[in-house]
Amino acid sequence: MKNYSFPHDQFKEVLASNAEYATTFKYSELSGSAAKGLAIVTCMDSRINPLSVVGMRSGDAKILRNAGARVTEDVIRTLVLATYLLNVDRILVMPHTDCAMASGDEADIHALIDEKFGVDTRSLEFRTTSNQEAALATDVNRIRAYPLLREGVTVAGAIYDVKTGTIIPVDC
Ligand SMILES: [Zn+2]
């Protein structure tokens, strides 16, 4: 397999900002455990800064992200590890308002990509939903029901409002 040289041009400001960040780095003493015992499963949406949303900082919480904040096999796998080995005893599944993954059905998203790029993505399941609260309840209960999750872990769901920054708790 060929190794390509790092694309410095495309990551120029990323590397420059990191060099700056490292000059005042203050988290060297942190461990990999979640100091506040919290894991948040949320969307990749760039408007969400999960730690800031709950008043936390580096070292406090585990953050898992994907399109739509859906509870997939990989999310479950990660949560099992986090609850046994990384101090997590509270899990908050937190999708958000104005999420593209909750705005229509699967077929529409595939059609949109096909229309714009001429690529058929139907072999992938995007896990879109037209009922965000119902999908959230399904996902929260999927975690709760998972037999290998550590005993005593609390699992909850809430929706983050991208217009106000508020978390709205949902009964799941
Ligand atoms: Zn989203």
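**View 1. Leu-136 in helix H5.** Leu-136 is found in helix H5, residues 132-145. Helices (H or I, at least four residues) and strands (E, at least two) are DSSP runs, numbered from the N terminus. This is a predicted model, in which local features need pLDDT of at least 70, side-chain atom pairs count only at pLDDT 80 or more, and totals for chains, interfaces and linings use all residues. Residues are numbered from 1 along each chain as its sequence is written, and side-chain values use heavy atoms, with hydrogens and water left out. Is Leu-136 buried or exposed? Leu-136 counts as buried, because its relative accessibility is 3%. Buried means under 20% relative accessible area, exposed over 50%, and partly exposed in between (1.4 Å probe, protein chains only). Contact means heavy atoms within 4.5 Å. Setting aside neighbours within four places in sequence, the contacts of Leu-136 are Val-93, Pro-95, Gly-157, Ala-158, Ile-159, Val-170 and Cys-172. Ala-39 is 97 residues from Leu-136 along the chain, and their C-alpha atoms are separated by 16 Å.

View 2. Three residues supply the donors: Cys-43 through SG, His-96 through NE2 and Cys-99 through SG. These atoms lie 2.0 to 2.3 Å from the zinc ion. Donors are N, O and S atoms within 2.8 Å of the metal (3.2 Å for Na, K and Ca); water is not among the atoms, so sites may look incomplete. Along the chain, the donors of the zinc ion follow the spacing C-x52-H-x2-C. Cys-43 counts as buried, at 4% relative accessibility. Cys-99 is buried too, with a value of 7%. His-96 is likewise buried. The structure holds 0 disulfides, a disulfide being a pair of cysteine sulfur atoms within 2.5 Å.

**View 3. His-110 in helix H4.** Helix H4 spans residues 106-117 and contains His-110. His-110 is buried, because its relative accessible area is 8%. Which side chain does His-110 join in a polar contact of 2.7 Å? The partner is the side chain of Thr-121. A polar contact is a pair of N or O atoms within 3.5 Å; within protein, one must be able to donate a hydrogen and the other to accept it, and residues adjacent in sequence count only if both atoms are side-chain atoms. Not counting residues up to four places away in sequence, His-110 touches Thr-121, Arg-122, Leu-124 and Phe-126.

**View 4. Aromatic pairs.** In one of them, the ring centres of Phe-6 and Phe-11 are 5.4 Å apart and the planes meet at 50°, so the pair is tilted. Rings of Phe, Tyr and Trp (its six-membered ring) pair if their centres lie within 6.5 Å; planes under 30 degrees apart count as stacked, over 60 as edge-to-face and the rest as tilted. Phe-6 is partly exposed, at 43% relative accessibility. Phe-11 is partly exposed as well, at 36%. Tyr-21 and Phe-25 form an edge-to-face pair, 5.7 Å centre to centre with 65° between the planes. Tyr-21 counts as partly exposed at 43% relative accessibility, and Phe-25 is partly exposed at 40%. Ring pairs link Tyr-21, Phe-25 and Tyr-27 into a cluster.

**View 5. Lys-2 over the ring of Tyr-4.** The charged end of Lys-2 sits over the Tyr-4 ring, 4.7 Å from its centre. A charge sits over a ring if NZ of Lys or CZ of Arg is within 6 Å of the ring centre and within 35 degrees of the ring normal.

View 6. Ala-69 has a positive phi of about 55°, although it is not a glycine. Where is Ala-69 placed? Ala-69 is in the loop between strand E2 (61-66) and helix H3 (73-85). Ala-69 counts as buried, because its relative accessibility is 1%. Asn-87, also not a glycine, has a positive phi near 75°. The place of Asn-87 is in the loop between H3 and strand E3 (90-94). Asn-87 is partly exposed, because its relative accessible area is 41%.

**View 7. The protein chain.** The chain has 5 helices and 5 strands. From the N terminus on, the order is α-β-α-β-α-β-α-α-β-β. Its C-alpha atoms fill a box of roughly 45 × 45 × 40 Å along the principal axes. Of the 172 residues, 35% count as buried. Among contacts between residues at least 6 apart in sequence, 66% join residues at least 24 apart.
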